Amino acid sequence: MERADGLAAISEEPARLTRRFATAALKLATNTVAGWMRAAGMQVRHDNVGNLVGRYEGAHGATKTLLLGSHLDSVRDAGKYDGPLGVLVALACVERLNARELRLPFAIEVFAFADEEGLRYHTAYLGSNVVAGSFDPTYLSLVDADGIALADAIRAFGGDPAALTQDARRPDDVLGYCEVHIEQGPVLEALDLPVGIVTAIAGQSRLEVTWQGQAGHAGTVPMHLRRDALCAAAEFMLSVEQLAEERAGLVATVGQIAAEPGASNVIPGRVTLSLDVRHQDDALREQALEALHDQAFKIATRRHVVVQWQTVQESRSVLCSPWLIEQLERAIEHVGYAVHHLPSGAGHDAVVMAGLTDVAMLFVRCKAGVSHHPAESVMLEDVAAAIAVLESFLASFASDGPTL
Ligand code: HGY
Ligand code: MN
Ligand code: MN
């Protein structure tokens with residue numbers, strides 16, 4: 001818990017926690033975790049995209065590696081636990097193995113991924129995509145709000161953008177991936193359970209929708225002659241909310257909006273907004289996107305503005321692996337808690353790691369379901385439970401797990 005507090009103080013901003021991909025704050029956070037990993041008997045390396053990887057060797061003859069971990073980057077004005085909790089729980093398990101001088105019949109690698117949230121370049125999962133071998137090199141030319149290209153950000157952080165493919169893991173070297181993460185929802189708290197097992201992770205689409213109208217003088221252009229980009233965007237945003245409310249299991253969010261030129265006495269000529277659409281069922285998500293696209297173009301036509309619809313990133317819904325789920329069930333029962341399965345509406349690096357290997361996730365109870373917010377909170381006892389469950393999960397691999 002002290003480590004989570006310490007990491008939460010490492011931010012790009014003085015009064016709140018914001019730690020984007022390939023920033024000095026992320027570098028300090030990864031170096032801090034690297035120190036703890038070394039003290040736990042792990043070899044430490046940074047890969048070219050900036051992921052931190054701590055490796056705890058297996059017993060003599062071990063050929064495979066079990067991957068653990070989560071991400072160290074954050075959203076803007078973030079909570080302490082979204083990401084770091086998974087890194088710190090995995091680290092705590094390795095510390096215990098190291099303290100008992102235990103070696104398992106497989107190696108363990110704990111990842112602190114460099115970019116799960118996608119705050120800087122709007123493409124989530126840059127770190128895990130490199131490890132899974134699914135990094136899209138066209139991303140390298142993306143520029144951030146300061147005009148810095150992704151390739152340059154990688155170089156400035158100490159990596160070589162031309163060498164990213166060398167950091168991809170081979171599926172047959174890896175046993176699986178297990179991520180511990182704060183639930184970010186209210187379910188476990190409502191059930192009064194410390195941990196839960198994730199069954200599936202919702203697919204998500206991230207888009208940028210741009211509205212081009214006509215800027216003009218707020219005092220002289222009559223209402224009927226306006227092509228107000230912000231009013232068009234506002235009407236669309238409310239239609240997004242309405243459509244999502246009408247479709248079970250769908251969530252849709254406009255989280256970012258920019259109106260130009262951004263003067264109080266100028267009719268906005270251009271608006272850019274983000275659109276985040278998610279559903280456990282990919283077909284229903286795609287149908288919703290179709291409907292939202294049609295709505296946007298109807299509104300634009302009626303208001304004589306031009307709309308541009310740009311998908312920035314999409315990830316399909318992912319099922320967690322039954323044999324890993326079963327291992328987590330046994331671990332939870334061994335530690336003495338009831339087993340509860342639940343889906344994840346939030347995306348996680350496990351979504352991308354599922355392209356490399358079998359994945360599982362263990363959720364930790366989240367106070368009032370609050371996340372992506374400084375009030376994000378977990379209880380000490382629940383973190384202790386998560387460490388005990390992950391420790392038992394590791395042990396079950398070593399004893400009667402599937403082929404080692
Ligand atoms: O947006 C998400 O679902 C995750 O927190 N990146
Ligand atoms: Mn997260
Ligand atoms: Mn998050």
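**Strand E6 and what lies around it**

Mentor: Start at Ala200, which stands opposite Leu319 in E14. Keep in mind that this is a predicted model.

Strand E15, residues 341-344, runs parallel to E6, and three bridges connect them. Look for Ile197 here, with His341 of E15 opposite. E16 also pairs with E6 over three bridges, but in the antiparallel sense. In that pairing, Gly196 has Phe363 of E16 as its bridge partner.

How covered is E6? Six of its seven residues are buried, so the strand is mostly covered. The cut-off for buried is under 20% relative accessible area.

Helix H6 covers 187-191, E6 covers 195-201, and Asp192 sits in the loop between them. Asp192 has a positive phi of about 55 degrees, yet it is not a glycine. Why does that deserve a second look? Most residues other than glycine have a negative phi. Asp192 is also exposed, because its relative accessible area is 57% and the cut-off is over 50%.

Ala368 is another residue other than glycine with a positive phi, near 60 degrees.

His372 is partly exposed, at 40% relative accessible area. Its contacts, leaving out residues up to four places away in sequence, are Val75, Asp77, Asp82, Glu117 and Gln184. For a sense of distance, compare His372 with Asn48. They are 324 residues apart along the chain, and their C-alpha atoms are separated by 27 Å.

Helix H11 spans residues 380-398 and packs on helix H9, residues 322-335. The angle is about 120 degrees and the axes are 8 Å apart. The crossing is right-handed. Which residues make the contact? From H9 come Trp323, Leu324, Gln327, Leu328, Ala331, Ile332, His334 and Val335. From H11 come Ala388, Val389, Ser392, Phe393, Ser396 and Phe397. By class, this contact of H9 with H11 counts 10 nonpolar, four polar and no charged residues.

Helix H2, residues 24-39, and helix H3, residues 84-99, pack at about 20 degrees, with axes 9 Å apart. They are therefore roughly parallel, the class for angles under 35 degrees. Val33, Trp36, Met37 and Ala39 of H2 meet Val87, Leu88, Leu91 and Asn98 of H3. The contact of H2 with H3 has seven nonpolar residues, one polar and no charged.

For another covered strand, go to E2. E2 is residues 52-56, and four of its five residues are buried, so it is largely enclosed by the rest of the structure. Strand E1, residues 43-46, runs antiparallel to E2 and is joined to it by four bridges. Val44 stands opposite Gly54 of E2. E1 and E2 make a hairpin with five residues between them. Gly50, in the turn, has a positive phi of about 110 degrees. E2 also pairs with strand E4, residues 107-113, in the antiparallel sense over five bridges. There, Val53 stands opposite Phe111.

Glu260 and Pro261 are joined by a cis peptide bond, with omega about 5 degrees. Pro261 is placed in the loop between strand E10, 257-260, and strand E11, 266-267. Why point it out? Most peptide bonds are trans.

Back to the start, then.

Note on methods. Residues are numbered from 1 along each chain as its sequence is written. Chains are lettered from A and ligands numbered from 1 in the order in which they are written. This is a predicted model: local features need pLDDT of at least 70, side-chain atom pairs count only at pLDDT 80 or more; totals for chains, interfaces and linings use all residues. Side-chain values use heavy atoms; hydrogens and water are left out. Axes are lines fitted to C-alpha atoms, for helices over the stretch in contact, and angles run from 0 to 180 degrees between N-to-C directions. Helices (H or I, at least four residues) and strands (E, at least two) are DSSP runs, numbered from the N terminus. A crossing is left-handed if the near helix is turned anticlockwise from the far one by less than a right angle, and right-handed if clockwise. Contact means heavy atoms within 4.5 Å. Ala, Val, Leu, Ile, Met, Phe, Trp, Tyr, Cys and Pro count as nonpolar, Asp, Glu, Lys and Arg as charged, and the others, Gly among them, as polar. Buried means under 20% relative accessible area, exposed over 50%, partly exposed in between (1.4 Å probe, protein chains only). Two strands pair if DSSP finds at least two bridges between them. Angles under 35 degrees count as roughly parallel, over 145 as roughly antiparallel, 65 to 115 as roughly perpendicular and the rest as oblique.
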